[in-house]
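Student: I have just opened this structure and would like a friendly tour. Could you take my questions one by one?

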Amino acid sequence: MNEHARKLAFGPFHNMAIADDTNDTPPDGFERLPTFGPYHQMAGPMYWRRDDGAMVVGLRVQDKHRNRGAMMHGGMICTLADTACHWAAKHAREPLLVALTTGLNVSLMGNAGPGEWVEARAQVLRAGRSIVFTDCRISSAGRTIAQASAQFQIVGEDTTGAGAR
């Protein structure tokens, strides 16, 4: 194993002190995404906007999102992809849908570090009566860092109005 790969895989351990994560300000046009429960509250904050037929969900990488190699953890990239695809599926038609993830495939191609803005751009490929199929590209600073596809089982309509727009 080369030295670079060894450092990424096995260390050195990063300083476990929490960095200053108070600047999570999103780019213009984004608004705060409602949390879907305790896990998303812990992982966030995340922000969203519509853009040319796609749903874009983003976050500023914080210390809590990184692995010991000082880059965004692959599991956090998967969480962002699932969240963006879910948000797109939820908005696939009116009234808004309640949908559960039944499949998620993510290919990790790069990384992002603390302080970088990362966004997942999700599009609905097909919204059937009971299943929604989505595709997603995750990028940071013009670099594609992951690609994902997901499918969702529609379990009802969202009558709460959460996420309406």
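Student: How many salt bridges does the structure hold?
Tutor: This is a predicted model, where local features need pLDDT of at least 70, side-chain atom pairs count only at pLDDT 80 or more, and totals for chains, interfaces and linings use all residues. Residues are numbered from 1 along each chain as its sequence is written, and side-chain values use heavy atoms, with hydrogens and water left out. A salt bridge is a side-chain nitrogen of Lys or Arg within 4 Å of a carboxyl oxygen of Asp or Glu. By that rule, the number of salt bridges is 6.

Student: Which residue forms a salt bridge with Asp158?
Tutor: The closest N and O atoms of this pair are 2.3 Å apart, and the partner of Asp158 is Lys90. The pair links distant parts of the chain, 68 residues apart: Asp158 is in the segment after strand E7 (143–157), and Lys90 is in helix H3 (residues 74–90). Helices (H or I, at least four residues) and strands (E, at least two) are DSSP runs, numbered from the N terminus. So the name you want is Lys90.

Student: Are Asp158 and Lys90 buried or exposed?
Tutor: Buried means under 20% relative accessible area, exposed over 50%, and partly exposed in between, using a 1.4 Å probe and protein chains only. On that scale, both Asp158 and Lys90 are buried.

Student: Where is Glu116, the salt-bridge partner of Arg143?
Tutor: The closest N and O atoms of Arg143 and Glu116 are 3.2 Å apart. Glu116 counts as partly exposed, at 25% relative accessibility.

Student: Which residues are linked with Asp51 in a network of salt bridges?
Tutor: Asp51 is partly exposed, with a relative accessible area of 26%. The residues networked with Asp51 are Arg49, Glu119 and Arg121.

Student: What pattern does the protein chain follow along the sequence?
Tutor: The secondary structure comes to 3 helices and 7 strands. Read along the sequence, their pattern is α-β-α-β-β-α-β-β-β-β.

Student: Which strand holds Gln123?
Tutor: Gln123 is partly exposed, with a relative accessible area of 38%. The C-alpha atoms of Gln123 and Ala89 are separated by 8.3 Å, although these residues are 34 apart along the chain. Gln123 lies within residues 117–127, which form strand E5.
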